[in-house]
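Have the structure open while you read.

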Amino acid sequence: MKKVMMTQEKPTSCCCVLDASTYVGFRILKRLLTKGYSVHASIRKNGESMLEEKIRNMEVTEERLVVYDVDVLDYQSIIVSLNNCNVVFCCLDNPEGYDEKEVDLEVRGAINVVEACARTERLEKIVFSSSLTAAIWRDNITSQKDVDEKCWSDLNFCRKKKLWHALAKTQSEKAAWALAMDRMVNMVSVNPGLIVGPSVAQHNPRPTMSYLKGAAEMYENGVLAYVDVEFVADVHIRAFEDTSACGRYFCFNQIVNTEEEALKLVQTLSPLIPMPPRYEKEMQGSEVYEERLRNNKLNKLVEASSAC
């Protein structure tokens, strides 16, 4: 594996963000440009979202930004966007949310991205954006004290409960890992909790609601967690820059296991989630659920990067 030599002042790497018009992808794109990287922003062909429009406008003024129209089901269009890139930040997310049909499309897209990376000579790492929902869903979750990077959601359970977001993220990440290992591609995955941040209700409404299907069960089982989008973007870039980063990284700022935290989350996601009427004036209840999520591995990555 070639070693990437870089400094904060003059990064030498060219980065591809695919899909740069997703909520996370757009923040990664902006952070990379701020840090001085050259960026290939891959966005959906004929996409008309506000973020896609912003990215196209940014290309006019940002000399280190090149925008590519990519269809993740079109292998050749991915190859073109990867030209001369050292790293791919793979941020697949369906802006329309998830149903049974979208599961298969995301899996096929993930496979195409990894296969394209395997055929790109300069590429040194894939940072694959997955989700905590790829790890937390199974019948016997309450019997497991620690839910960490070794855990995977049960596919049959997700199908039975129609947890399409969890099914898509689990299958696509598993497929990406299997192919990356087979093709000997260096890959790291970041598994964020529910992503919150500026204008999340405006720019990411349907994926957010897809994540929250089964939120009551997540909450009661101590596996409902959220994370700020800026922190998620930072972790993705750290996972690229730190040559020792490997495997999966759970990424969250806060586990929601008290009524107070649950209400804070509702307020953050307003107006996607309306405030329950009985809580409009004051909070009631004091139940605390046991936390099961562990992110010790992420803490080590963040501490190591901060020390550099």
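In this predicted model, the side chain of arginine 27 makes a polar contact with the side chain of glutamate 230, at 3.1 Å. Arginine 27 is found in helix H1, which also packs against helix H2.

**Around arginine 27**
- Is arginine 27 buried or exposed? Its relative accessibility is 10%, and buried means under 20%, so arginine 27 counts as buried.
- Skip the neighbours within four places in sequence, and arginine 27 is in contact with Pro198, Val229, Glu230 and Ala233.

**H1 and H2**
- Two packed helices are described by the angle between their axes and the distance between the axes.
- For H1 (residues 23-34) and H2 (residues 50-61), the axes come within 11 Å and cross at roughly 20°.
- Angles under 35 degrees count as roughly parallel, so that's what H1 and H2 are to each other.
- Their crossing is left-handed.
- On the H1 side, Tyr23, Phe26, Leu29, Lys30 and Leu33 make the contact, and H2 brings Leu51, Lys54, Ile55 and Met58.
- Sort those contact residues and you get 7 nonpolar, 2 charged and no polar ones.

**H4 and H6**
- The axes of H4 (residues 100-118) and H6 (residues 164-182) come within 8 Å, crossing at roughly 20°.
- H4 and H6 are therefore roughly parallel as well, but H4 passes H6 in a right-handed crossing.
- Among the residues making this contact are Val103, Ala110 and Val114 of H4, and Trp164, Leu167 and Ala175 of H6.
- The contact residues here divide into 12 nonpolar, 2 polar and 4 charged.

Notes. Residues numbered from 1 in each chain as written. Predicted model: local features only at pLDDT ≥ 70, side-chain atom pairs only at ≥ 80, totals over all residues. Heavy atoms only, no water. Axes fitted to C-alpha atoms, helices over the stretch in contact; angles between N-to-C directions. Helix = DSSP H or I, 4+ residues; strand = E, 2+ residues; numbered from the N terminus. Parallel < 35°, antiparallel > 145°, perpendicular 65-115°, else oblique. Left-handed = near helix turned anticlockwise from the far one by under 90°. Contact = heavy atoms within 4.5 Å. Nonpolar A, V, L, I, M, F, W, Y, C, P; charged D, E, K, R; others polar. Buried < 20%, exposed > 50% of the residue type's maximum accessible area, 1.4 Å probe, protein only. Polar contact = N/O pair within 3.5 Å; in protein donor to acceptor, adjacent residues only side chain to side chain.
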